[in-house]
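The sequence and structure are shown first.

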Amino acid sequence: YLSIYLSIYLSIYLSIYLSIYLSIHTYPNNKSINNLQEAFAKGLLKAGMNVLVEKPKKSVNNVEGLKQCLADFRKDLPWVERLDLTNLPAEDPLSKVEGKVPNVTNGEVNADDDFQREMFFYRQAQATALQALPLLNKNGISTKRPDDYFAEMAKSDQHMQKIRKRLISKQTILEKSEKAKKLREQRKFGKKVQIEVIQKRQKEKKAMMNAVKKYQKGMTDKLDFLDGDQKMGKESTQGSKKALNKKGPNAKRKFKDQKFGFGGKKSGKKWNTKESHNDVSSFRAKVANAKGGKGGKKGKVGKNKRPGKSVRKKMKSRS
């Protein structure tokens with residue numbers, strides 16, 4: 001409530017202050033206002049009595065003053081100080097070859113035709129440049145910038161650094177927003193894949209349970225649903241073996257082979273070759289046919305003189 005009372009009090013105070021200020025500054029002659037109020041109360045003031053009358057404007061044609069101002073403006077300065085040229089537009093070479101005289105050279109230009117008006121400005125600027133360049137070279141004014149000239153920048157380095165920082169910050173914000181969008185899309189895609197995998201597993205589980213129920217009830221004698229996981233496992237192991245076979249030796253093995261040398265071929269030493277197959281110099285008929293030799297009779301093996309385990313235990317217990 002206190003804030004409401006304060007706002008009302010301030011509004012009243014401001015209205016009184018403004019009325020006093022306007023009465024002092026807007027109406028300095030209070031007597032005339034009082035007289036008008038009294039006349040209005042008596043009925044002396046009527047509609048149409050107070051009419052604003054516009055006074056005729058006095059046109060002053062001060063010829064001598066205008067001439068004096070013109071003399072002040074007109075100074076006999078050299079052309080280098082003035083750099084003013086008045087000329088007609090340059091000739092159009094195409095129209096000159098065709099034998100046509102365009103309206104631009106004559107000075108007759110249609111102001112409503114944008115193309116014609118712009119061509120007039122272009123030709124006039126061209127003619128001015130062609131006329132001004134020889135005059136500038138004649139007066140020793142260089143018209144080309146030197147190679148080692150460095151113009152002052154319109155904006156300071158500090159200002160440009162601020163702009164650069166702002167642009168970099170905007171670029172980083174855009175990159176962050178793009179990364180966030182990509183992460184959202186990846187999460188959505190990951191959720192979709194996860195849902196699809198869960199649904200696929202649920203379908204497989206449901207199909208397997210139905211097959212088990214049918215087998216239990218005696219509706220089918222096949223157990224193909226149990227071979228599905230084994231087939232998958234075999235395929236995965238075959239794939240991993242193929243991948244391992246495709247891979248060569250690792251970096252450690254290669255380094256050791258390079259350092260110590262390759263030991264040579266180990267496997268396949270006992271394989272027959274063409275030369276070993278044809279070589280029969282080491283063939284012995286007696287050995288091949290089992291005739292003679294050490295070991296007594298053919299087919300009999302020497303007896304094992306060592307006693308068995310139980311006998312050895314009894315012998316130990318006796319001792």
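## Salt bridges

Asp-84 is partly exposed at 39% relative accessibility, a class that lies between buried (under 20% relative accessible area) and exposed (over 50%), with a 1.4 Å probe and protein chains only. Asp-84 pairs with Arg-82 in a salt bridge whose closest N and O atoms are 2.7 Å apart; the term denotes a side-chain nitrogen of Lys or Arg within 4 Å of a carboxyl oxygen of Asp or Glu. Arg-82 also counts as partly exposed, at 39% relative accessibility.

The whole structure contains two salt bridges. Arg-117 and Asp-114 form one of them, at 2.9 Å from N to O. Both residues belong to helix 7 and stand three residues apart, about one turn of the helix. Arg-117 is partly exposed at 25%, and Asp-114 is partly exposed at 47%.

## Basis of the model

The model is predicted: local features need pLDDT of at least 70 and side-chain atom pairs count only at pLDDT 80 or more, while totals for chains, interfaces and linings use all residues. Residues are numbered from 1 along each chain as its sequence is written, and side-chain values use heavy atoms, with hydrogens and water left out.

## Overall architecture

The protein has 13 helices and zero strands, where helices (H or I, at least four residues) and strands (E, at least two) are DSSP runs numbered from the N terminus. Of its 319 residues, 4% are buried. The protein exposes about 32,200 Å², of which carbon and sulfur atoms supply 57%; areas follow the Shrake-Rupley method with a 1.4 Å probe, and for residues only the protein chains shown count as cover.

## Helix 7

Helix 7 spans residues 114–138 and reaches 37 Å from its first C-alpha to its last, close to the 36 Å expected, a figure given by 1.5 Å times one less than its number of residues. Its buried residues are Gln-116, Phe-120, Arg-123, Ala-127, Ala-132 and Leu-136.

At the start of helix 7, a side-chain oxygen of Asp-113 comes within 3.4 Å of the backbone nitrogen of Phe-115. Gly-140, which follows the helix, has a positive phi near 80°.

## Helix 11

Ser-276 is located in helix 11 (residues 274–278) and is partly exposed, with a relative accessible area of 33%. A polar atom of the Ser-276 side chain lies 2.8 Å from the backbone nitrogen of Thr-273.

Terms used: Polar contact = N/O pair within 3.5 Å; in protein donor to acceptor, adjacent residues only side chain to side chain.
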